[in-house]
Amino acid sequence: MTQDPEKIRETLIGWFAASRKRILTAMAQPLDVAQKSNRNDLVTNVDKANQQFLIEHIKTDFPTARIIGEEGHGHDDTDLNGLVFFVDPIDGTMNFVKQQAHFAVMIGVYRDGQPIVGAIMDVMRNEVLSGGPNLPVTFAGRQLKPLLDLPLKDGLLGVAGPMAIKNRLHLGDVALASSGARMSGSAGMEFIEVALGRQVGYVSYLQPWDVAAGMAITQGLGVEFSREDGSAINLSQPGVVVAATPQAHQTILAMMAGKSEQAH
């Protein structure tokens with residue numbers, strides 16, 4: 001299949017529509033829930049089945065592409081050369097299990113380590129955020145405008161709950177310096193909020209498949225991405241992700257480095 005970004009976007013949205021039907025059907029049946037690394041790191045039969053569904057479509061339409069998926073597919077692949085699909089079949093599995101809401105499906109498509117297109121579906125609302133460096137960013141069919149460059153103090157901030165509560169890397173202090181902290185439990189849902197201008201940023205420890213789609217989409221709206229020390233995101237490994245408007249990003253990095261006086 002062509003590697004034209006707009007065609008890839010249309011393909012992803014088509015896969016999402018079919019994927020959503022499968023997820024909703026599966027939700028009507030009892031879930032098979034298992035733990036991964038700990039009791040709060042869950043995987044279900046729906047995660048696994050949806051990932052396999054998406055992988056099959058990728059292999060059919062993009063047979064030479066590499067695939068890195070959350071549920072044990074391509075985890076050891078650190079070679080980002082060529083076309084690479086980052087797949088998160090259910091982002092926010094705890095929400096999916098406990099709430100049956102506030103979870104997403106995400107795919108980020110990169111070539112030689114550079115973003116082409118990302119897509120994030122809010123499954124229960126049936127809304128898709130998509131875009132890329134050479135694509136307009138759209139949400140539920142409407143084009144989004146670049147974000148206002150708000151300072152941290154004037155915006156809500158999405159944060160990882162455990163990091164903020166334990167004040168790891170001063171993230172609790174960072175959250176208090178914002179207009180208010182928000183903890184959704186889903187990176188995909190957080191990136192939707194940032195893209196819509198409802199949050200000034202998002203900070204969490206993320207796996208490559210957690211950040212690939214959101215980074216591909218929201219950089220075009222003016223969101224800056226880095227590690228906590230300001231270095232670039234390397235999608236071959238997990239790590240802390242600071243994603244925010246330029247002013248907020250600068251303040252967050254300063255505070256995470258212990259320079260709290262720069263937060264005011």
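Glu70 sits in the loop that links strand S3 (66–69) to strand S4 (83–91). In this predicted model, Glu70 is buried, with a relative accessible area of 13%. UniProt, in an unreviewed entry, marks Glu70 as part of a "binding site" together with Asp88, Asp91 and Asp210. These residues are spread over 141 residues of sequence, yet they cluster in space, with a largest C-alpha distance of 9.1 Å.

**The annotated site**

- Asp210 lies in helix H7 (residues 208–218).
- Asp210 has a relative accessibility of 12%. That value is under 20%, so Asp210 counts as buried.
- Beyond its neighbours within four places in sequence, Asp210 contacts Asp88, Asp91, Met106, Ala187 and Phe191. Asp88 and Asp91 also belong to the "binding site" that UniProt lists.

**Helix H7 and its partner H6**

- Helix H6 (residues 187–195) packs with H7 at an angle of about 15°, and their axes are 9 Å apart.
- Angles under 35 degrees count as roughly parallel, and H6 and H7 are therefore roughly parallel to each other.
- The H6 and H7 crossing is right-handed.
- On the H6 side, the contact is made by Ala187, Phe191 and Ala195. On the H7 side, Asp210, Val211, Gly214 and Thr218 take part.

**The five-stranded sheet**

- Five strands make an open sheet with mixed pairing, in the order S11-S10-S12-S14-S13.
- Strand S11 (180–182) and strand S13 (224–226) are the edge strands, and each pairs on one side only.
- From one strand to the next, the twist averages 20°.
- S13 and strand S14 (residues 239–244) run antiparallel and are joined by three bridges.

- Which part of the structure encloses H8, and how far? Eight of the 11 residues of H8 are buried, so this helix is largely enclosed by the rest of the structure. The cover over its buried residues includes S10, helix H5 (171–177), S12, S13 and S14.
- The buried residues in H8 are Ala248, His249, Thr251, Ile252, Leu253, Ala254, Met255 and Met256.
- Gly258 follows H8 and has a positive phi, near 90°.

**The H1 and H2 pair**

- Helix H1 (residues 5–27) and helix H2 (residues 45–61) pack at an angle of about 155°, with their axes 10 Å apart.
- Angles over 145 degrees count as roughly antiparallel, and H1 and H2 are therefore roughly antiparallel to each other.
- H1 and H2 have a right-handed crossing.
- H1 makes the contact through Thr11, Trp15, Ala18, Ser19, Arg22, Ile23 and Ala26.
- H2 makes the contact through Val46, Ala49, Asn50, Phe53, Leu54, His57, Ile58 and Asp61.

Conventions. Residues numbered from 1 in each chain as written. Predicted model: local features only at pLDDT ≥ 70, side-chain atom pairs only at ≥ 80, totals over all residues. Heavy atoms only, no water. UniProt positions renumbered as here; feature names shortened; annotations may be inferred. Helix = DSSP H or I, 4+ residues; strand = E, 2+ residues; numbered from the N terminus. Buried < 20%, exposed > 50% of the residue type's maximum accessible area, 1.4 Å probe, protein only. Contact = heavy atoms within 4.5 Å. Pairing = 2+ DSSP bridges. Axes fitted to C-alpha atoms, helices over the stretch in contact; angles between N-to-C directions. Parallel < 35°, antiparallel > 145°, perpendicular 65-115°, else oblique. Left-handed = near helix turned anticlockwise from the far one by under 90°.
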